[in-house]
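Subject: Structure handed over, with notes

Dear colleague,

Here is the structure that I promised to pass on to you. Please have it open while you read the notes that follow.

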There are 4 protein chains.
Amino acid sequence: MQIGMIGLGRMGMNMARRLLRGGHEVAAYNRTAEKVRRIEAEGAAGADSPEALVRLLDPPRVVWLMLPVGPPVDEHIERLRPHLGPGDLVVDGGNSDFRDDLRRAEALGAEGIRYVDAGVSGGVWGLEKGYCLMLGGGADDYRRLGPVLDTLAPPGGHMHCGPVGAGHFVKMVHNGIEYALMEAYGEGFELLRASPYGPHLDFGALAALWNRGSVIRSWLLELLEDVFREDPGLEEVRGVVADSGEGRWTVREAVRLGVPADAMAHALFKRFASQREDLFSDRVVAALRRAFGGHEVRRAGGGGR
Amino acid sequence: MQIGMIGLGRMGMNMARRLLRGGHEVAAYNRTAEKVRRIEAEGAAGADSPEALVRLLDPPRVVWLMLPVGPPVDEHIERLRPHLGPGDLVVDGGNSDFRDDLRRAEALGAEGIRYVDAGVSGGVWGLEKGYCLMLGGGADDYRRLGPVLDTLAPPGGHMHCGPVGAGHFVKMVHNGIEYALMEAYGEGFELLRASPYGPHLDFGALAALWNRGSVIRSWLLELLEDVFREDPGLEEVRGVVADSGEGRWTVREAVRLGVPADAMAHALFKRFASQREDLFSDRVVAALRRAFGGHEVRRAGGGGR
Amino acid sequence: MQIGMIGLGRMGMNMARRLLRGGHEVAAYNRTAEKVRRIEAEGAAGADSPEALVRLLDPPRVVWLMLPVGPPVDEHIERLRPHLGPGDLVVDGGNSDFRDDLRRAEALGAEGIRYVDAGVSGGVWGLEKGYCLMLGGGADDYRRLGPVLDTLAPPGGHMHCGPVGAGHFVKMVHNGIEYALMEAYGEGFELLRASPYGPHLDFGALAALWNRGSVIRSWLLELLEDVFREDPGLEEVRGVVADSGEGRWTVREAVRLGVPADAMAHALFKRFASQREDLFSDRVVAALRRAFGGHEVRRAGGGGR
Amino acid sequence: MQIGMIGLGRMGMNMARRLLRGGHEVAAYNRTAEKVRRIEAEGAAGADSPEALVRLLDPPRVVWLMLPVGPPVDEHIERLRPHLGPGDLVVDGGNSDFRDDLRRAEALGAEGIRYVDAGVSGGVWGLEKGYCLMLGGGADDYRRLGPVLDTLAPPGGHMHCGPVGAGHFVKMVHNGIEYALMEAYGEGFELLRASPYGPHLDFGALAALWNRGSVIRSWLLELLEDVFREDPGLEEVRGVVADSGEGRWTVREAVRLGVPADAMAHALFKRFASQREDLFSDRVVAALRRAFGGHEVRRAGGGGR
């Protein structure tokens with residue numbers, strides 16, 4: 001089927017490619033033209049503006065946004081809006097907060113424009129293996145997207161999760177789980193490494209072992225096989241972990257809904273801590289210990305004790 | 001090759017079966033004779049005592065223990081010891097504390113008897129899919145076990161993790177990770193369920209979706225597909241989770257080795273909490289709130305506040 | 001000085017009393033008239049509506065709201081607004097979200113009405129010992145409130161924390177700390193109780209001991225002396241702990257500001273858990289254990305196994 | 001009464017002083033003689049060996065050990081043992097593991113020598129304000145120590161907590177609570193600091209405020225008044241926090257006794273993390289993010305990403 005793709009970053013570019021390879025007719029726009037040229041070379045119709053992209057599509061149109069979270073999505077929707085009409089369908093496949101979906105769907109709906117939110121998982125492997133797609137919106141709109149979803153996802157890899165917002169909500173929880181799973185493996189390997197058995201253990205081989213029949217086998221652990229084989233002690237990596245909106249929103253929603261979420265919250269807070277040189281809370285505790293116990297503290301900037 | 005199996009519980013029985021099907025010569029002993037008869041019917045040589053089992057084996061012998069954690073292992077080793085000699089090899093495949101391995105290996109080693117500890121993962125699925133085996137002990141002893149390990153494990157599913165204790169240490173960490181992974185999925189589904197989208201979500205279908213291309217796909221999530229398809233709201237299950245030695249030892253070792261392990265510790269502590277009606281700590285907090293704020297508390301045994 | 005008090009609940013009534021005893025001229029309004037009559041009997045001028053209360057005050061007026069969190073504050077501000085004018089000052093002493101302060105201050109400010117947010121701690125003990133008051137707003141407005149603050153607080157017990165919102169923000173953090181402190185004591189006493197020494201320990205005496213020279217002495221621990229002396233095993237209390245907006249907002253803000261807050265988040269999540277019979281996450285884990293390990297689960301509604 | 005003091009470190013020296021000022025007859029020994037001379041100058045009888053100290057005391061003797069945790073306690077007990085006899089009493093006032101008390105009491109008891117374990121809190125402030133003393137052992141032995149306990153502690157500041165081990169167990173839990181309390185304040189001030197109100201807040205004044213009527217007032221918060229007044233941004237302190245045996249043992253015991261202890265465990269784990277430059281678990285997570293998402297990682301040793 002025919003589809004317009006806006007945003008040709010790491011994810012959008014690969015999705016456009018997978019759609020082209022699947023025989024779809026793809027019109028594509030990206031802020032920097034160089035990427036438009038690249039996807040044109042692979043068979044897409046390139047557009048130099050969102051407006052131009054709309055003109056390349058026959059109504060009723062489908063426009064899929066793969067943009068960085070936040071203002072870019074609203075900005076592009078605002079630019080598209082005057083050029084879209086009843087029956088057209090906007091899909092937000094970025095990592096949006098589900099609360100923004102509700103607002104956007106309402107605004108577009110006032111003009112008869114449909115809106116679907118799509119949570120997309122699969123990372124850089126999606127081009128080859130397919131993306132896992134979590135969709136929120138009307139059942140008819142989901143059905144309408146069927147052909148592109150079938151191409152983007154591996155068999156069984158897309159699902160209508162509920163009304164508008166459901167796709168990004170489910171994706172948000174997915175990422176909360178992802179944070180906690182990664183932390184679980186991280187703790188395990190750290191404990192092994194600190195043990196007397198650590199120096200003799202080949203972590204790449206161990207990850208491979210665990211992926212063969214153990215209870216904890218998973219795709220993340222398969223990735224760890226490669227990670228450890230390339231850099232057994234992770235000497236090339238610093239323990240600084242960025243966090244994204246979804247990790248934060250998961251905890252925000254857990255708090256709002258009254259759901260205990262220690263594992264997901266801890267995985268998030270640990271990333272916060274990894275981003276700092278030194279936590280003020282730790283300085284408070286160190287200073288307190290000195291105050292009541294006469295314990296020495298390490299002085300900032302000094303070689304310390 | 002020839003091997004003696006002591007302990008025909010859920011795990012031992014299936015391992016004996018897998019070995020028999022793999023063409024090995026298995027002698028088997030179990031405290032209750034009924035299970036011995038059962039495995040005899042499948043081709044094993046049955047023994048009515050540990051001593052009798054030893055007599056069924058040609059030296060140098062291999063005796064594999066699959067016994068409940070704790071005293072049973074030591075008791076059986078004590079019974080076997082006078083009947084074993086230099087070159088014989090005892091494998092403890094149960095869920096032992098790695099510190100007990102060190103002690104046992106030393107005691108047996110004084111008489112020239114070899115000792116290997118084997119962490120075994122795979123649960124009830126191991127009979128069909130093979131077990132993931134983590135071995136600790138001498139390299140020669142590991143090599144000697146090769147034929148049975150190749151049969152018990154799927155391809156690539158066994159590994160020499162280091163000297164005595166390494167197998168159970170690695171298995172212990174494996175279980176610590178397992179606890180934390182399970183908690184991660186648990187929190188995620190609880191959050192979904194509490195959300196406005198929860199009532200409309202088919203959790204079995206969602207688990208299946210996530211297993212098709214998402215970052216969080218795993219064997220545990222495959223099990224959850226079946227779990228939710230059979231009982232979508234888990235109405236048949238109470239939220240009471242038993243814990244085992246390994247979960248506790250992981251946290252003990254993290255504390256001893258100075259390794260942060262919040263995720264694994266929380267997963268353990270949450271199980272502790274699930275086993276209680278009411279936590280005393282919560283009563284302390286409720287009573288304190290009343291004391292300073294005049295907040296009402298729910299009275300024990302009463303319906304009320 | 002002259003002040004209008006709206007809301008004569010547990011906190012508002014006692015604060016009105018303390019102001020009257022301190023020689024201030026108090027006009028008071030409460031939705032249920034009975035409480036207005038009661039404070040009239042102690043010297044206040046009673047009003048039967050917010051409007052009537054305004055009329056009892058000479059401009060420039062000070063009206064202090066002590067209302068339940070949420071809609072009631074906005075509703076009362078809306079009713080007061082047409083009757084107030086430039087130079088009048090509204091103080092919100094309830095447990096408001098600091099983000100609501102910003103909105104309210106802006107709306108009132110458009111008409112020249114001043115706004116101060118006051119975080120109030122001290123609970124039911126404040127009448128006797130004084131309240132700890134954290135104020136946000138203009139420095140002039142803070143100074144103007146000086147006489148009533150000096151009466152309400154013990155010496156040194158009020159502070160200008162910053163611009164509008166600062167009072168409730170600081171109070172919010174105060175409550176986050178409070179949650180975590182309470183949890184710390186709760187865990188400690190639970191651990192003592194579970195130990196072999198537990199049955200012989202007099203917790204009231206121990207709390208009293210710790211308050212005499214130990215590092216962990218505190219007002220909360222003083223309250224625990226009384227709590228345990230009255231009900232040593234807390235047999236009369238159920239471990240169900242309510243949570244309030246401030247506990248939730250603290251974690252929300254920590255997430256928003258990128259600050260690790262495991263202790264405060266855990267104390268909140270533990271309250272959530274205490275409010276449930278059974279956690280869905282625990283059911284997920286129990287069902288998973290059964291699925292891979294053949295472990296039995298306790299069946300809902302049954303006597304369990 | 002007459003008492004022998006072994007160990008004149010920060011704690012032992014001050015306790016000897018407080019005993020001397022209280023009119024007791026103190027014999028004192030320390031490994032480095034210089035400290036013995038110092039306390040002699042304040043009225044003690046100095047000894048140059050444990051044996052000499054015993055000779056300075058009239059039977060039945062009381063010898064109080066204030067030694068670093070671990071081997072030193074056992075070493076000194078072994079040296080004292082041949083010189084002590086039935087009716088003599090050894091008090092271990094150091095930070096011992098309560099499990100060592102059981103072993104020591106049994107060994108000494110075989111020769112009729114009594115043993116009492118004393119948990120001591122109060123830090124460097126104890127000399128002036130008195131120590132909080134938690135005693136384990138026989139009721140008669142506790143009574144016998146009455147005169148020195150009355151001097152060392154403030155009024156009401158000592159308690160018989162149970163049989164041998166109870167003193168150190170209660171002290172251990174005390175320290176677990178202490179860890180969690182400190183973390184609670186640490187998180188609160190870190191959150192304030194990260195907020196828009198942070199730059200304008202005087203933390204010393206705020207700690208002082210909260211100590212005047214708020215629910216979270218405590219001795220630790222009083223110490224924070226001074227800490228922040230001296231160094232408002234804690235610029236002079238690095239966020240590296242040492243941990244001690246008691247913090248670890250608390251979590252170990254919680255695990256052993258099946259008691260949820262997230263707050264105490266987290267406070268401990270956070271100290272572990274503060275002691276490291278970089279956590280391996282964070283490197284695992286960072287490497288995993290790169291592996292599935294193509295996210296850049298910060299390279300070790302480099303300035304960059």
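With which side chain does the side chain of His24(D) make a polar contact? The partner is the side chain of Thr151(D), at 2.6 Å, where a polar contact is a pair of N or O atoms within 3.5 Å, of which, within protein, one must be able to donate a hydrogen and the other to accept it, and residues adjacent in sequence count only if both atoms are side-chain atoms.

Before going further, please note that this is a predicted model, in which local features need pLDDT of at least 70 and side-chain atom pairs count only at pLDDT 80 or more, while totals for chains, interfaces and linings use all residues. Residues are numbered from 1 along each chain as its sequence is written, chains are lettered from A and ligands numbered from 1 in the order in which they are written, and side-chain values use heavy atoms, with hydrogens and water left out.

To return to His24(D), its place is in the loop between α1 (10–21) and β2 (25–29) of chain D; helices (H or I, at least four residues) and strands (E, at least two) are DSSP runs numbered from the N terminus. His24(D) is buried, with a relative accessible area of 9%, buried meaning under 20%, exposed over 50% and partly exposed in between (1.4 Å probe, protein chains only). A polar atom of its side chain also lies 3.4 Å from the backbone oxygen of Pro147(D).

Turning to chain A, the domain assignment, which is automatic or from a database, gives domain 1 (2–162) and domain 2 (171–293). The C-alpha centres of these two domains of chain A lie 32 Å apart, and their contact (heavy atoms within 4.5 Å) takes 12 residues from domain 1 and 10 residues from domain 2.

Chain A also holds an open sheet of eight strands in the order β3-β2-β1-β4-β5-β6-β7-β8, with mixed pairing; two strands pair if DSSP finds at least two bridges between them. Its edge strands are β3 (45–47) and β8 (158–162), each of which pairs on one side only. Strands β1 (residues 2–6) and β2 (residues 25–29) of chain A run parallel and are joined by five bridges, and Gly4(A) stands opposite Ala27(A) in β2(A).

The peptide bond from Pro59(A) to Pro60(A) is cis, with omega near -10°, and Pro60(A) lies in the loop between α3 (50–55) and β4 of chain A. Leu234(A), although not a glycine, has a positive phi of about 50°; this residue lies in the loop between α11 (219–230) and α12 (245–257) of chain A and is buried, with a relative accessible area of 1%. For background, most residues other than glycine have a negative phi, and most peptide bonds are trans.
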